[in-house]
Amino acid sequence: MILALAQWIQATVFFRDLRESWYVYPVVMSTHLLGIALFGGMVLLTNLRLLGLAMTGRSVSDVIGQFRVAKRVGLILIATCGILMLGSKAEEYYYNILVKVKLTLLLLMFVHGWYFRRSVYYNTEEIDRAPRIPTRAKVAASLSLLIWTGIACAGRGIGYIDPPLSKLHAQLWPAPANSTVTPK
Amino acid sequence: MFIENPLNQSPWSFPILECIHIVGFAFSVGTIAIVDFRLLGLGMRHQSPPQLLEDTWIWSLVGIVVMIFSGLLLFSSDPDMYAPNPAFNFKMVVLALAILFNYTIRRKTASAEVMPPYAKIVGGTSLALWGAVVFGGIFIAFVNAALYVR
């Protein structure tokens, strides 16, 4: 069923045009990556602050509070570009193991955010009052860094998995050298 | 070619290096952008630009170093492909400009106790230069495919 949905999505005019243009896909990809740089920088600084490694002269409340909105904007930008890329080659990505790894890790990140929400990310004033940064906050920060790095690396690896050409219905651009599939 | 590059022995070395490259630019471009956004008057307004620069400069530098070294290794995997590639050449030019700008005009502007009136232009220019570097990098493979593969 998911496969049928993936095939339907990529067959829509919008995603077909996106896939077949030589420059739209890389522009979306570049924007995705630029978003990662901006968002990644804020995630890094937030977590390094919780670990006591960066911005130690500023309070945790100050760092987390001031990044909160910007991080959401960044995440929406990255996710939008990600969805555009996923949709344009939905069938190919359906078979891609690293897409599945990445989506699982993203889900895990949402669980992480939800789990540590009350005790860490919305509890910054108490963390500032504590004589030292609580272990719980450090665990949250380490896990966040680990999972986000995993997401970035899985994402980078997606393009290195060879598509199962015999199963695909969309013409890939540029056509792989060993392609025997003709557009349907 | 007389000596085989050991990086080309394993199909995984290139993607792993790319991951390191990306983490490097999340450190560098990510932390540089925080100061740039502050110069533009967007975000982190509880801190002054000099305070933010003090917080981030070391992470930016670490990121730039990681990015350059992993980038050199990536380049070494296939110099014949990169050297004539227009996207690669564009990237190298804007990268040189971005680094030069970063450690001259931008540092001076962000270190000023009172934000100069042109701070927004400096922040915007820095963001645009680093953005162009990222775009150039992504386009290398696509330009290569468009120009040479077919």
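**Figure 1. Overall make-up of the two chains in the predicted model.** In chain A, 42% of the 184 residues count as buried. Chain B has 5 helices and 0 strands, and chain A has 8 helices and 0 strands, where helices (H or I, at least four residues) and strands (E, at least two) are DSSP runs numbered from the N terminus. Along the principal axes, the C-alpha atoms of chain B fill a box of roughly 55 × 25 × 20 Å, and those of chain A fill a box of roughly 65 × 25 × 25 Å. With contact defined as heavy atoms within 4.5 Å, 78% of the contacts in chain B between residues at least 6 apart in sequence join residues at least 24 apart, and the corresponding value for chain A is 71%. Because this is a predicted model, local features need pLDDT of at least 70 and side-chain atom pairs count only at pLDDT 80 or more, whereas totals for chains, interfaces and linings use all residues. Residues are numbered from 1 along each chain as its sequence is written, chains are lettered from A and ligands numbered from 1 in the order in which they are written, and side-chain values use heavy atoms, with hydrogens and water left out.

**Figure 2. The contact between chain B and chain A.** The contact takes 35 residues from chain B and 32 residues from chain A. About 3,200 Å² is buried between the two chains, with carbon and sulfur atoms giving 77% of that area; buried area here is the accessible area (1.4 Å probe) that two parts lose on being put together, summed over both. On the side of chain B, Met44(B), Ile138(B) and Phe142(B) lose the most area to chain A, together 17% of what that side buries.

**Figure 3. Close-up of Gln66(A) and its neighbours in chain B.** Gln66(A) lies in helix H4 of chain A and is buried, with a relative accessible area of 14%. Leaving aside residues up to four places away in sequence, Gln66(A) touches Ser61(A) as well as Met44(B), Arg45(B), His46(B) and Gln47(B). The side chain of Gln66(A) reaches the backbone nitrogen of His46(B) at 3.0 Å.

Figure 4. Leu84(A) has its place in helix H4 of chain A, where, not counting residues up to four places away in sequence, Leu84(A) touches Phe14(A), Phe15(A), Leu18(A) and Val28(A). The C-alpha atoms of Leu84(A) and Tyr25(A) are separated by 8.6 Å, although the two residues are 59 residues apart along the chain. Glu20(A), in helix H2 (residues 13–20) of chain A, is partly exposed, with a relative accessible area of 43%. From Glu20(A) to Ser88(A) the C-alpha to C-alpha distance is 8.9 Å, across 68 residues in sequence.

**Figure 5. The second largest pocket and its lining.** This pocket has a volume of about 620 Å³, and of the 20 residues that line the pocket, the closest to its centre are Lys71(A), Arg72(A), Leu75(A), Gly113(A) and Tyr121(A). A pocket is an open set of points on a 1 Å grid over the protein atoms alone, where a 1.4 Å probe fits, with protein on both sides within 12 Å along at least five of seven lines, and lining residues have an atom within 4 Å of a point. H6(A) gives the most to the lining, with 8 residues.

Definitions and conventions
Grid points are joined across faces, edges and corners, and a volume is the space filled by probe spheres set on the points. Buried means under 20% relative accessible area, exposed over 50%, partly exposed in between (1.4 Å probe, protein chains only). A polar contact is a pair of N or O atoms within 3.5 Å; within protein, one must be able to donate a hydrogen and the other to accept it, and residues adjacent in sequence count only if both atoms are side-chain atoms.
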